[in-house]
Amino acid sequence: MRLLSKFVLTLVLIVVISLTTLIGLLHTRYNEHIFNFILAQVLPYQIFAKKIDYDIRTPYKIRFEHAEITQHEQVLVHADSIQLWLSKQSITNDKLVFNGVKINNITSANMPLLATLPPLTIKRLVLNNTNINTPQFAIKHGLIQMDNWQTPTDNTPWWQSFNGSLQMSAASIKWHQLALQQLLINANKQAQQWHLNGISAHWQQATITAQALFNNDSRRLTIDQLTLNKFHLQDQQLLTDWQQQFTQRTVPFKTINIKRLDIINSSIELPQWGADDINLSLENWQWPQNYWQQQNSHLSFSASHAKWHQINFEQPLAELEFMPQQIISHGMSAHIMEGFVRVDGWIDPQQLFISDLKASGIKWFLGKNWLQTWQQWQHKYTDVIFKKLNINNSQITSPTSTVPFQLAGIDIDAQDAVLKQNNQWGLWQGQVEANLGFGSINQVVINQAIATMYSNAGQWQLDKLVLPFNHGMLKARARIALDDPQRPWQLTMIGDTIPAQILSQWLSLPLSLTGAIDTQIKLNGQAGNRSDFNGHLNGTAQADFRQLALNNITPQQLFSHWQQPHISAFNPTETASQLPLTATPLTLTAQDGAIELQPLQVTAKDLTLNINSHWNLTDIKQQQLKLELAAGCQHLTRQWDQGVSTVTVGSSCTGKTKYVPVNVDATALPH
């Protein structure tokens, strides 16, 4: 028993002497080697410091001055100081527990792989004046404070391996392509739930503030509030890079719910679109759903100026609501094209419904490809409905069209107008009244034109159409049954002193004339399809010609032009020459698609023209047209017979005759 007592006493003395010696050594210049020996047993890194402060009066605290963390002789992190507060629990637990770790003035270009650390917990981690510069992440003058930081797992970034509060500030931070200045973050993380109580930063000359909630398990991000103030963008390539980065960075997110997004006092200037003094508010927007899949989302927008392609908008305003398969306008307006437009209504993927559209003072200059643009736009909608439409004192100009035109003083009123139904254009329902102050269609002038029409259940009736010319007038009435698959129709036209220029300027006939035409036309038929039209065309047309003259073209020029394989409308030269003509009345009858033209003769000095025709729209074998032109001593016979066109040219001056067979010009003849 005495021997055992001596052994225990000896052992205690050895421990006391060892601890005393160890504590004494920790207060000497050998403490660095001792600490590195101890740390090497638990960490894969070495710590070198110019000075290590340790005081037995605070046994759980140690401070490293001008420290470097190295691995395999490579410096990973440099810090002015590292302070450790060891927890009493670490003496009894299987892992290291620190009450606090504070690292001041960190610089690093190659962050260590913290997942290789042994299990440890830091109740309060403070990284003060942090400067990290890696290819994916960079921070300058950063302050990071975390609660309950633990050794990260292989799939968890070091900055997510904590539970509790997070405070962060930085002069600048860059994560991939996202660069922020003056960043402030106040957040809280519990398990997989992030509460971002406040975020603020400067980005792209803008001030950003945000609040958000993120669940890492469901990968759902909820943005309670996001505000961008004084955001400016002028670089298209930068926008493209952001879009690519957004696509890549949103992979961790399954859904993003934006409860409120505000963009204020901002501007965007890109090649295809832009806006100044933008104020935008977006509520309850769901990503990745598109705008047809939103659930009660709202968008408010205003700007001092906006541009889309070549169209400028002054003071644009918009209040939009996004519902499943529907976008509702509660008010869109803008000063545009020297006028003003306001529109309310809604659209869905197939229907356009305008509850109220007002346009005043618009001056619309159509571009070269306006017709193709119109076709592409209207093709989207199977139905187009205007509950109320009011256009006044507006103008449309198309100088580059095949038939250039200008329409000014346009006034249109429409009520309950169904203009397109089941992909078929027409007035299916409602009433429309249109007035035109002035029009010039390919140099033919119209003044004070009027059109009124109405429809009930597909029974479309053109009640009145009046086209006043400078010295004449054309009146028309028509009706068509749109609800009938065969589309029966009727047309009545009466013309008094109609300018003869419309034959070439509007109808592209290869004969440039001046003078006046008096006409009466009564036609009817079916328009269900091309075959119905061809087989059911009936009616008569009569025209008397007065004061006719061949305009700006000589008989010899006309003779040469009509020899061409494909006769097109003649573009007369500005010779200001006129050759008086005399013409017999034109009489045309149609019976079930068979059109009879009574012989027509036009004569003048050194010119005679005879036209005979029998044309059946349904039978190519009964399609015949013969045109005989004599100009001086030259004569030309052009004949269309059963789809074959032939030209015979002769001259009594030389006695020679030339026969030329050509293919029929299918686009220039009726079918």
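How many aromatic pairs does the count come to in this chain? Hold that thought for a moment, everyone, while I say what we are looking at. This is a predicted model, where local features need pLDDT of at least 70, side-chain atom pairs count only at pLDDT 80 or more, and totals for chains, interfaces and linings use all residues. Residues are numbered from 1 along each chain as its sequence is written, and side-chain values use heavy atoms, with hydrogens and water left out.

Let me start with the overall picture. The chain has eight helices and 40 strands; these are DSSP runs numbered from the N terminus, helices being H or I with at least four residues and strands E with at least two. Of its 671 residues, 40% count as buried. Buried here means under 20% relative accessible area, exposed means over 50%, and partly exposed is in between, using a 1.4 Å probe and protein chains only. The accessible surface comes to about 37,400 Å², and 56% of that belongs to carbon and sulfur atoms. Those areas come from the Shrake-Rupley method with a 1.4 Å probe, and for residues only the protein chains shown count as cover. As for contacts, meaning heavy atoms within 4.5 Å, residues 24 or more positions apart account for 45% of those with a separation of 6 or more.

Now, back to the rings. The count comes to twelve aromatic pairs. The rule takes rings of Phe, Tyr and Trp (for Trp, the six-membered ring) with centres within 6.5 Å; planes under 30 degrees apart are stacked, over 60 edge-to-face, and the rest tilted. Take W203 and F231: their ring centres are 5.3 Å apart and their planes are at 20°, so this pair is stacked. The two come from distant parts of the chain, 28 residues apart, with W203 in strand β10 (residues 193-203) and F231 in the loop between β12 (220-229) and β13 (232-233).

For a tilted example, please turn to W374 and W425, with 5.5 Å from centre to centre and 40° between the planes. W374 lies in helix α5 and W425 in strand β25 (residues 424-441), so the pair ties together parts 51 residues apart in sequence. W374 is partly exposed at 36% relative accessibility, and W425 is partly exposed with a value of 36%. Both belong to one aromatic cluster, together with W377 and Y381.

Staying in that area, which residues form a nonpolar patch on the surface? They are L371, W374, W377 and W425, and together they have about 390 Å² of accessible area. Patches are made of residues with over 30% relative accessible area and no salt bridge; nonpolar side chains (Val, Leu, Ile, Met, Phe, Trp, Tyr) are joined within 5 Å, and like charges within 9 Å. Helix α5 (residues 370-378) gives the most to this patch, with three residues. L371 sits in helix α5 and is partly exposed, with 43% relative accessible area.

On to charges. We have 13 salt bridges, where a side-chain nitrogen of Lys or Arg is within 4 Å of a carboxyl oxygen of Asp or Glu. R124 and D147 make one of them, at 2.4 Å from N to O. R124 is in strand β6 (residues 120-133) and D147 in strand β7 (residues 137-150), so the bridge ties together parts 23 residues apart in sequence. R124 is partly exposed at 25%, whereas D147 is buried at 19%.

Another is K259 with D224, whose closest N and O atoms are 3.5 Å apart. Here K259 is in strand β14 (residues 255-269) and D224 in strand β12, 35 residues apart. K259 is partly exposed at 44%, and D224 is partly exposed at 32%. There is also a network of salt bridges linking R260, D262 and E283.

D532, in helix α7 (residues 530-535), is buried yet has no salt bridge. How far away is the nearest side chain of opposite charge? That side chain is R487, at 9.1 Å. In this count Lys and Arg are positive, Asp and Glu negative, and His and the chain ends are not counted. Leaving aside neighbours within four places in sequence, D532 is in contact with Q486 and Q526.
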